[in-house]
Amino acid sequence: MKLQYRFSLFVIIVPLIFAACNRAEAQPTRTELVLGTACSVTLYDQGAPRVYRNIFRRIEEIEKRMSVNLPGTDIARINAAAGRSSVQVQSDVFLVIERALHFAELSGGAFDPTVGPLVSLWGIGGDYQRVPSQAEIDDVLPLVNWRDVQLDRGECSVFLKRSGMALDLGAIAKGYAADEAAAIIADNGIKPAIIDFGGNILAVGRKKNKSLWSVGVQNPNEGRGAYAGILHITGQSVVTSGVYERFFEKDGERYHHIFSPSTGRPADNGLLSVTIIAPVSMNADALSTAVFVMGYEKGRALIDSLPETEAVFIFKDLSVRKTAGADFTLTDESFRFEY
Ligand code: AMP
Ligand code: MG
């Protein structure tokens, strides 16, 4: 299992090296390791070093406020005060928590930003990843409940009602960060641009020749960069949640990082990945996780109810379904469309 983790690190690092080499040839891409992943921004306009600096400064600020893994972040302070006191936070942290609770309600609790105790228990992708006992899962499950997060908008404060609760914004913060990067790019009048935060894509504006952007959708069964198909988009975000992102294997069983808050186990409903296309990256990010946990039937109904939101579903049996407005073409022959 450790080997798998190292391998995925290697897969991330190698493209980084290529990106670094390319920079000397004036490739307009800047990549940094932040938010626990490789974050890239490509500004297709000249004179942008100051804009790149501003973008990455803002992304680092978001990480310093919203990460669960760094000490002293607003999220770490909220978690440390769980069951005791409310904690005043930065307005952006408040906004993301508010949006996370919105998606928790919208998804009937499939998306739940209080999954922190489950994330810690399983430790997926970390040094202590393991399959916990049912008793351990049962102990932790009562702590996972988005309704026990109390917000005070006037005070800009957050209170977790029960000791042991913990927020984890891992399923939404990258999307928010992409939107913030896009806002900085727009403020500087730069178009077009591509933001790629660990596969969380946001296209800003149209390409110079007015053609659509092509975005590869990861083949969940192959190494990073192998695509199942290609999506064509204009100025939208594309975000995928899948079993391949972070996982370990034990006794032939794969354990990935997206949990069902009702079972306390990795969500398992026949899906390998869910890709969401939507104008706002934070929404696409939250929805990809939500729909992955909800499963196809309920998840598709949710997506169909939302304006300007499309989806591509890849199943374990290699069948693929998509919503009518998703401009998606399969490129890998092992997959097939099912309607
Ligand atoms: P994503 O890759 O956007 O689907 O986010 C997955 C990450 O979100 C995990 O690594 C956890 O930190 C967190 N997470 C896992 N399960 C859930 C869930 N059901 N609702 C919200 N966040 C979750
Ligand atoms: Mg997500």
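Contact here means heavy atoms within 4.5 Å. By that criterion, and leaving aside neighbours within four places in sequence, T275 is in contact with V217, L231, V238, V239, T240, E310, A311 and V312. The model is a predicted one, in which local features need pLDDT of at least 70 and side-chain atom pairs count only at pLDDT 80 or more, while totals for chains, interfaces and linings use all residues. Residues are numbered from 1 along each chain as its sequence is written, chains are lettered from A and ligands numbered from 1 in the order in which they are written, and side-chain values use heavy atoms, with hydrogens and water left out.

T275 sits in strand β13 (residues 271–278); helices (H or I, at least four residues) and strands (E, at least two) are DSSP runs, numbered from the N terminus. Because its relative accessibility is 0%, T275 counts as buried, a label for values under 20% relative accessible area, with exposed meaning over 50% and partly exposed in between (1.4 Å probe, protein chains only). Its side chain also makes a polar contact with the side chain of T240, at 2.8 Å. A polar contact is a pair of N or O atoms within 3.5 Å; within protein, one must be able to donate a hydrogen and the other to accept it, and residues adjacent in sequence count only if both atoms are side-chain atoms.

Next comes the sheet. Three strands form an open sheet in the order β8-β9-β16, with antiparallel pairing; two strands pair if DSSP finds at least two bridges between them. The edge strands, each pairing on one side only, are β8 (213–218) and β16 (328–330). Six bridges join β8 to the antiparallel strand β9 (residues 227–233), and S214 stands opposite H232 in β9.

Turning to ligand 1, 17 residues surround it, and the closest are A110, D112, S241, F259 and T289; a residue counts as near if one of its heavy atoms lies within 4 Å. Helix α8 (residues 281–294) gives the most to this shell, with three residues. A backbone N or O atom of A110 lies 2.9 Å from a nitrogen atom of the ligand. Oxygen atoms of ligand 1 lie 3.0 Å from a polar side-chain atom of D168 and 3.3 Å from one of R246. Taken alone, ligand 1 exposes 500 Å², of which the protein buries 95%; accessible areas come from the Shrake-Rupley method with a 1.4 Å probe, and for residues only the protein chains shown count as cover.

Finally, A301 lies in helix α9 (residues 296–305) and, at 48% relative accessibility, counts as partly exposed.
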